[in-house]
Amino acid sequence: MTKPILDVSRVSKSFGGLRALQDVNLQVMEGSIHSLIGPNGAGKSTLLNVMTGLLQPDEGTITFDGRTLQNVTPHEINQYGIAKVFQTPAIFPEMTLLENTLIPAFARRDGSFRANLFETPEHAHEVYEQAEEALAEVGLQDHMKQEARYLSRGDKRRLELAICLVQKPKLLLLDEPTAGMARHETESTIQLLKQISSKGMTKVIVEHDMSVVFSLSDRITVLAQGQIIAEGGPDEVRGNPKVIEAYLGEEQE
Amino acid sequence: MPVIVFAVIALTMPFWFPLVGGYAGLDTKILIWAIFAIGFDILLGFTGYLSFGHAAFFGVSAYVTGLMLLHYSANIIPAMIASVIVTTIIAVMVGFLTLRRSGIYFSILTLAFGEMFYAAALSIFSDWTGGDNGLTGLPTPELFSMPFKENNVFYLVAVLAIIGYYIARRIGNSPFGMMLRAVKSNQTRLEFTGLDVKKYKLSAFVISAIYASVAGSLMVIYEPYVATEFVHWSTSGKLVIMSVLGGVGTLFGPMIGAAFMLYFENVISAFLQEQWLLVLGLVFMFIVIFLPGGFVEGAQRLKRAIAGKAGDGNASKGASE
Ligand SMILES: Nc1ncnc2c1ncn2[C@@H]1O[C@H](COP(=O)(O)OP(=O)(O)OP(=O)(O)O)[C@@H](O)[C@H]1O
Ligand SMILES: [Mg+2]
C-alpha cells in the first residue's frame, strides 16, 4: 500500500579527503517513521543536510515526492514539503512564541516571498488560527506573547516542532530531537512525537537514545563511516551482529 | 497614534524651533536627515545589516537632482523622480553584491562600495559633478514655474517625513516586516521555513536606499548645491551614529537621533566651540555603554522609574522592540 516518498539513490559526499557518505541508498516509505542510527561521525547529519539542500551531494540523486532535489535551495525544498528540526533548537529567539509560528503560517499562505508591506496581520484570521493551533498542539498556548528565548530547552524544541507543524510538511526530518534533554523532557518529547505521528506525516529521525529508536520506528537504517551497514525493522536491527559490532558494542550505555 | 504625534511635532516646528535656538532652515535639514534615518532603520533596525555605504545613495541622488535642475528643468518633480529611479537601480545592484555576506564583511563591503562612488564622483565623473568644488550654479528650484524655497521646502519635507514615518510603521507591523525581523533573529530558521531570505534582505536594502534618495534629493532642493561630502563615508558614519544614539529598530529613535545630532552640530557647538566633537564623542560613548537602546530606551527607563515611584511599585510595562 505504501510507496517511497523520499528516494536517496547512490549518494556520495566528501569533505576534503573525508568520505562522509559513500554510495548511500535509502527509501523512506510514505507515512512511516524511519530512524537513522550510527556512531558519532557516521554521516547521519550529513545525510539530512543533503536532503534539505544545505549540502549538494557530489554524486547520486535524491527524489522527493516525484521531484529531484538537484540544485534546489533549502527554502524551495521546504516549500515542496520537507521540514527540519535541528540538532540545537532553531527558533526565532527575540520574537514571541506567536510570531514564531506566524512566520511559517504566512510562508504557507504566501509562498517564499511576498511584498505585503501594508497588510495588517491581525486581519489574517486563518493564518492566526493556524499559528495558535500549532502552539496548542505542542502545549505552549499559554505563553504566546512571551519571547522565545526565555523558554527551557525542552520547550524550545516544542516550539521548533510547532514551527514545523504549521507547515503541514509531507516529510519531517528530526536531528536528535532529544539531545541534551533531561529525562522527563525526553519522555514528553517522545510522547509528542508519537502524538503527531498518528497524523500520517512521514518522519526521518536521527537519534542516539536506543529506547527512543526502538519504541518509535517502523524502520531503522544503520550508518557507519558513511556507509549503510544494515536496514530493517526494529527487531531485525537489534539482533544484527554487524550493528552490534559497529554501534551497540562500542557504546554501551 | 505615534504618526499623529510626529505630524504635530514636525508641522509646528517653524513655531517652536526658533525658541530653542534653532535657526531658520535647520528644521528643514533635521527633517531631511530624519527621512534618511527612518529608511536606514528599516535595514539596520529590522534586518540587523549595518551598512556603511548609504552616503552613496544619498549622494548619487543629490547629484542626479542637481544635474536635472541644471540641465533639464528647474522643476523639482522630474528631478526627484529621476533621482529615485537612478538610486533604486544602483541599490539593487549594490545590494545584490554586498548582501552575499553578513556581519562585519557586509559592513566593509558597503563601505568599499561607498568609497568607490565617492572616488568616481571626484575623478571620472568630475566633468559632471564639479569634482572637488561640488556641483554649483544650480538654478532656484521651481514647482510648476513658481520658485520653490524656504517655507515651501519645509512643508514639502515635513509632509514627506510624515508619510515616510507612516509607511515605515506600516511595514514594521506587516507580515513583511515580521520576516525582516526574523532575518535578524535567525536566518537559517527562516530559510528552512520556506522563505526566500535573499529577496527579503534585498527588499529592505532597496527600501532604505529609496528613503536615502528622497533625502538626498530634498537636500539639494533645500539648498541648491551638491557638496562632495554627501557621498563621503563620513555621511554614512553620521547616519549610523544618529541611529545608535536614538535607538536602533525603533523608527522614532533614529529621528530623534537625527534631530539631536544636527542640533548639537549647529546650535550647541557654538557654546562648546572646537570641543563640540569631543563632547559628542563622549555622549556617544556614554549611550553605547550605558544605554545600548539609545534615547528611546532612556525614555522608557525614565517612564518606568517615574511610574514605579508614583504607582504601587509594580511597573513592568515590558519594553517593546
Ligand atoms: N561541513 C563539514 N566540513 C568538514 N567535515 C564535515 C562537515 N560536516 C561533517 N563533517 C565530517 O563528516 C563526518 C560525518 O559527520 P556527521 O555530522 O554527518 O556525523 P553524525 O553521524 O551526524 O555524527 P553525530 O552523531 O556526532 O552527530 C564527520 O567525520 C564530520 O567531522
Ligand atoms: Mg549529527
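Q: How many salt bridges does the rule find across the interface of chain A and chain B?
A: There are 2 in this predicted model, a salt bridge being a side-chain nitrogen of Lys or Arg within 4 Å of a carboxyl oxygen of Asp or Glu.

Q: Which side chain does Arg189(B) meet in a salt bridge?
A: That of Glu160(A), at 2.8 Å from N to O.

Q: And which elements of chain A give two or more residues to the side that touches chain B?
A: They are α2 (74-80), β6 (82-85), α3 (97-110) and α5 (153-166). Helices (H or I, at least four residues) and strands (E, at least two) are DSSP runs, numbered from the N terminus. The largest share, 6 residues, comes from α3(A).

Q: How many residues are in contact?
A: 36 of chain A with 26 of chain B, where contact means heavy atoms within 4.5 Å.

Q: Switching topic, is Thr28(B) buried or exposed?
A: Thr28(B) counts as buried because its relative accessibility is 3%; buried means under 20% relative accessible area, exposed over 50%, partly exposed in between (1.4 Å probe, protein chains only).

Q: What does Thr28(B) touch?
A: Leaving out residues up to four places away in sequence, Thr28(B) touches Val153(B), Phe154(B), Val157(B) and Tyr222(B). Thr28(B) sits in helix α3 (residues 26-47) of chain B.

Notes. Residues numbered from 1 in each chain as written. Chains lettered and ligands numbered in written order. Predicted model: local features only at pLDDT ≥ 70, side-chain atom pairs only at ≥ 80, totals over all residues. Heavy atoms only, no water.
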